[in-house]
Amino acid sequence: MTGIGVDQGVTEAPTTAPYDPKVDRINLATSLPFLTFHLMSVLVVFTPFEWKYLLIALASYYVRMFAVTAGYHRYFSHRSFKTGRVFQFILAWVAQMSAQKGVLWWAAHHRHHHKDSDGVTDIHSPVRRGFWWSHIGWVLSKRYEKTNYDAIKDFARFPELVWLNEHYLVPPLSALALAVIFGGLPGLVWGAVIPTVLLWHGTFTINSLSHVFGSRRYLTTDTSRNNFLLALITCGEGWHNNHHFHMNTANQGWFWWQIDFSYYVLKFLSWFGIVSDLKTPKHEIKYAFETYTDAQKAELAAQSKLGFNAWNDAAGLKSLGGKYATPTPEPMLAIPSPMPAPAKS
Ligand SMILES: [Zn+2]
Ligand SMILES: [Zn+2]
């Protein structure tokens, strides 16, 4: 199956596949809307400012961020709560209004990330492939354009979700049309352009930054971290170390001070029966860190301080031990940037 505008895409391959300039680079044609929206941000200079526009931008950002985190991530990728077929469709539609490709594409790729996080086959590990590739390069590359339907069979049995996934531009384009029809230039700029660009980068920080900056409370086989700031801009996804330690919970903030807007909304929706069976961590999981030895605690403290040194840095990776001591295969190091120089003919 192929999606709109991605007919030339190749089948998803593990990142250990040999470097191929045809697929390990940005697909300029399909990336054009992404680049254009960034350029259109300058329209803000020509748009009169009113405080209500800021509120509209915030609402546009957080409603869609909720759908991305509660929908794409916690529901479709991890099945951490239950809901009916109608609300499932609404979640998918609103999440797709974020213009982050289709619901099944998103969830299938995310499941792959958990299979070998920061290992040699991880599609977007910042500690192996650097900031730009993990943040945006892999999304825009030709290699990962197709949806691996085998990885998301449980939701691919719903024809309406497959239709949405294949026509992933329908929700964002209809939202854009409504913003312009009802809001004119301010509607375009404050309702669509600015919040969408921020929404992209907000979401992508979880792939690029939350494996590099923050503290590590739990021993996991990856470099995931907890980061308060990232949790605020991503409705709770910044508690990424919690999430990698136990991925199937509807809440990612496990303690009262770990702000998690998406979970608060899910809890609220559960009072009306719109969602149900919200999974939360058992006591022994939540407090697993209390059973760690002093050596393990020291290891986590040292890893928490790594920051930039964990970023595609051989010494940093080695100090993490385990599978990070494995050198990244040569082909992966050959694509440090999303825009490698064109192959010489
Ligand atoms: Zn991760
Ligand atoms: Zn996840």
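Helices (H or I, at least four residues) and strands (E, at least two) are DSSP runs, numbered from the N terminus. By this definition, Tyr149 lies in the loop between α5 (126-140) and α6 (153-156). The model is predicted: local features need pLDDT of at least 70, side-chain atom pairs count only at pLDDT 80 or more, and totals for chains, interfaces and linings use all residues. Residues are numbered from 1 along each chain as its sequence is written, while chains are lettered from A and ligands numbered from 1 in the order in which they are written.

The protein has 15 helices and 2 strands. Of its 345 residues, 42% are buried. A residue counts as buried if 20 or more other C-beta atoms lie within 10 Å of its own, as exposed if 12 or fewer do, and as partly exposed in between, with C-beta atoms placed from the backbone. Two residues are in contact if their C-beta atoms, placed from the backbone, lie within 7 Å. Among contacts between residues at least 6 apart in sequence, 71% join residues at least 24 apart.

Two packed helices are described by the angle between their axes and the distance between the axes. Axes are lines fitted to C-alpha atoms, for helices over the stretch in contact, and angles run from 0 to 180 degrees between N-to-C directions. Helix α2 (residues 51-77) packs with helix α4 (residues 103-115) at about 60°, and their axes are 9 Å apart. This makes α2 oblique to α4. Angles under 35 degrees count as roughly parallel, over 145 as roughly antiparallel, 65 to 115 as roughly perpendicular and the rest as oblique. The crossing of α2 past α4 is right-handed. A crossing has that hand if the near helix is turned clockwise from the far one by less than a right angle, and is left-handed if anticlockwise. On the α2 side, the contact involves Tyr72, His73, Phe76 and Ser77; these meet Val103, Trp106, Ala107, His110 and Arg111 of α4. The residues of this contact comprise 5 nonpolar, 3 polar and 1 charged. Here Ala, Val, Leu, Ile, Met, Phe, Trp, Tyr, Cys and Pro count as nonpolar, Asp, Glu, Lys and Arg as charged, and the others, Gly among them, as polar.

Helix α4 also packs with helix α7 (residues 159-166), at about 90° and with axes 7 Å apart. That makes α4 roughly perpendicular to α7. Val103, Leu104 and Trp105 of α4 meet Leu161, Val162, Leu164 and Asn165 of α7. The contact holds 6 nonpolar residues, 1 polar and no charged.

Ala92 sits in helix α3 (residues 85-96). Ala92 is buried, with 28 other C-beta atoms within 10 Å. Leaving aside residues up to four places away in sequence, Ala92 touches Gly71, Val103, Leu161 and Leu164. Its C-alpha atom is 9.7 Å from that of Tyr75, 17 residues away along the chain. Tyr149, by contrast, is partly exposed, with 15 other C-beta atoms within 10 Å. The C-alpha atoms of Tyr149 and Leu104 are 7.4 Å apart, and the two residues are separated by 45 residues along the chain.

In helix α11 (residues 261-271), the buried residues are Ser262, Tyr263 and Leu266. Seen down the axis of α11, they fall within an arc of 95°, so they line one face of the helix. The arc is that of the directions from the helix axis to the C-beta atoms. These buried residues pack against α2 and β2 (275-276). Exposed Phe268 and Trp271 lie on the face of α11 turned away from its buried side. Just after α11, Gly273 adopts a positive phi of about 75°.
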